[in-house]
Amino acid sequence: MPTMILAIESSCDETAVAILRHTPENEVEILSSEISSQIDIHREFGGVVPELASRNHSLNLRPLIETALENAQLKIQDISAFAATSGPGLASSLLVGNTTAKSLSVATGTPFISVNHMEGHLLSPFIEQKKLSSNLALIVSGGHTLLIHMKDFGDYHLLGSTRDDAAGEAYDKVGKMLGLPYPGGPEIEKQARNGSPTAFSFPRSMIKNGLDFSFSGLKTAVLYQLEKLDPAEGRPPKEAIPDLCASFQAAVIDILVTKTLRAAQSCGEKLITLSGGVSCNQTLRKAMQEACMKNGLELLIAPPAMSTDNAAMIGFVALHSHLRGHNSSLHEDINPNLRLAQH
Ligand code: KG4
Ligand code: ZN
């Protein structure tokens, strides 16, 4: 019987369940990947409300598990191990997925595997590849901006991270300032298509040196620009929104691409990977692709459905751990501040 992993992701506002199979050819097949997004529930509050998130995870999980099993044409007894995200994320949200996976492990007498959400993002570009390779990874999500030198599975070295806001967080905060719906990332990308990236000159903080990021100065620069455009209310005139979005996005992408190339040079890696929710951004993907081509580097990006939060990436990490005999203890706690790598 091939190894089958059922994985649960519930670290923030997406409830997700996936089932992955390890084929006899040593490949990974995604049999089902179900997501129930809570974005519409949180949108009216302009951000994620933790208590609403955890209550909805517990309502969504059982039907999602049933659908995942049905789509994979499996029964719960066919699963070899249950996995869940154990951090980083919202404590009350993590607990729902974690406790569900542990309960299923106990009920079926199978192993439990706890997964670091950021490792899920890190490995997501490899889900459709035949094997993992060493690479320089840029992970850009709502809570993290990380440059990691991945030498092998489990061998990760932190080269740079953000000193304040994460890239996705900056998108979301600027989106809010501009009166755009939550989450700001996809909305800013949409507006930016009709704007000029050079209309406003926004700062590229810390771009000249180092591998750490800082996005809070950029966010403040957008705020000052709004006050200049509308001294009474600080609200953006409608016609300026596309230019503000395009100029803000150009600054973010400039910083991300410049630092990624510097990091690749510092560790001598020729393969770059890009992951996390912000990597859905088409302008970022294109800019990174062009920069890599110019510098003789290879670029691997997860498909958009695997870039934002999903359970397939959690199952992918769990499968690699399980195949190496690394299962987790049922006593292992969640950790909202779980880290992926050290300097
Ligand atoms: O990885 P993810 O789904 O969740 C976290 O682990 O945080 O990332 C969510 C972040 C949000 O900040 C969202 O605004 C951003 O990814 N995002 C984007 C785009 N799609 C999602 N940012 C820029 N452009 C996009 N197209
Ligand atoms: Zn994420």
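Reader: Great. What is the order of the strands in the open sheet?

Author: This is a predicted model, and in it 5 strands make up an open sheet in the order E8-E7-E6-E9-E10. The pairing in that sheet is mixed.

Reader: Which strands stand at the edges?

Author: Those are strand E8 (155-161) and strand E10 (298-301). Each has a single partner strand, so one side of each is left without a neighbour in the sheet.

Reader: And by how many degrees are neighbouring strands turned against each other on average?

Author: By 25 degrees, with direction ignored.

Reader: Let me zoom in on E6 and E7. In which sense do they pair, parallel or antiparallel?

Author: Antiparallel: strand E6 (residues 135-140) and strand E7 (residues 145-152) pair that way over 6 bridges. They form a hairpin, with 4 residues between the two strands.

Reader: Found them. Is E7 mostly covered or mostly open?

Author: Mostly covered, with 6 of the 8 residues of E7 buried.

Reader: What about the other neighbour, E8? How many bridges does E7 share with E8?

Author: There are 6 bridges between E7 and E8, and the pairing is antiparallel. One bridge pair is leucine 147 with glycine 160 in E8. E7 and E8 also form a hairpin, with 2 residues between them. Have a look at glycine 154 in that turn: its phi is positive, at about 85 degrees.

Reader: Nice. Which helix lies across E6, E9 and E10?

Author: That is helix H9 (residues 282-294), which lies across E6, strand E9 (271-275) and E10. H9 runs at about 160 degrees to E10.

Reader: Switching to helices, then. How do H5 and H8 cross?

Author: The axes of helix H5 (residues 167-177) and helix H8 (residues 241-267) come within 11 Å and cross at roughly 170 degrees. That makes H5 roughly antiparallel to H8.

Reader: Which residues meet there?

Author: From H5 you have Ala170, Tyr171 and Val174, and they meet Phe248, Gln249 and Val252 in H8.

Reader: Okay, on to the metal. What are the protein donors of the zinc ion (ligand 2)?

Author: His117 (NE2), His121 (NE2) and Asp309 (OD) are the protein donors, at 2.0 to 2.1 Å from the zinc ion. The site is tetrahedral, with angles of 96 to 133 degrees among the 4 donor atoms.

Reader: How are the donor residues spaced in sequence?

Author: The spacing is H-x3-H-x187-D. Histidine 117 is in helix H4 (residues 117-123), while aspartate 309 is in the loop between helix H10 (304-307) and helix H11 (312-323). That pair is 192 residues apart and links distant parts of the chain.

Reader: Are histidine 117 and aspartate 309 buried or exposed?

Author: Both histidine 117 and aspartate 309 are buried.

Reader: Last one: I clicked on leucine 340. Where does it lie?

Author: Leucine 340 is in the segment after H11. With a relative accessible area of 17%, leucine 340 counts as buried because the cut-off is under 20%.

Reader: How far is leucine 340 from histidine 117?

Author: They are 223 residues apart in sequence, yet 8.7 Å apart in space from C-alpha to C-alpha. Leaving out residues up to four places away in sequence, leucine 340 touches Asn116, Met118, Glu119, Leu122, Ile139, Ile148 and Tyr156.

Technical notes. Residues are numbered from 1 along each chain as its sequence is written. Chains are lettered from A and ligands numbered from 1 in the order in which they are written. This is a predicted model: local features need pLDDT of at least 70, side-chain atom pairs count only at pLDDT 80 or more; totals for chains, interfaces and linings use all residues. Side-chain values use heavy atoms; hydrogens and water are left out. Donors are N, O and S atoms within 2.8 Å of the metal (3.2 Å for Na, K and Ca); water is not among the atoms, so sites may look incomplete. Four donors count as tetrahedral if all angles lie between 85 and 135 degrees; four count as square planar and six as octahedral if opposite donors are over 155 degrees apart and all others between 65 and 115; anything else is irregular. Buried means under 20% relative accessible area, exposed over 50%, partly exposed in between (1.4 Å probe, protein chains only). Two strands pair if DSSP finds at least two bridges between them. Axes are lines fitted to C-alpha atoms, for helices over the stretch in contact, and angles run from 0 to 180 degrees between N-to-C directions. Contact means heavy atoms within 4.5 Å. Angles under 35 degrees count as roughly parallel, over 145 as roughly antiparallel, 65 to 115 as roughly perpendicular and the rest as oblique.
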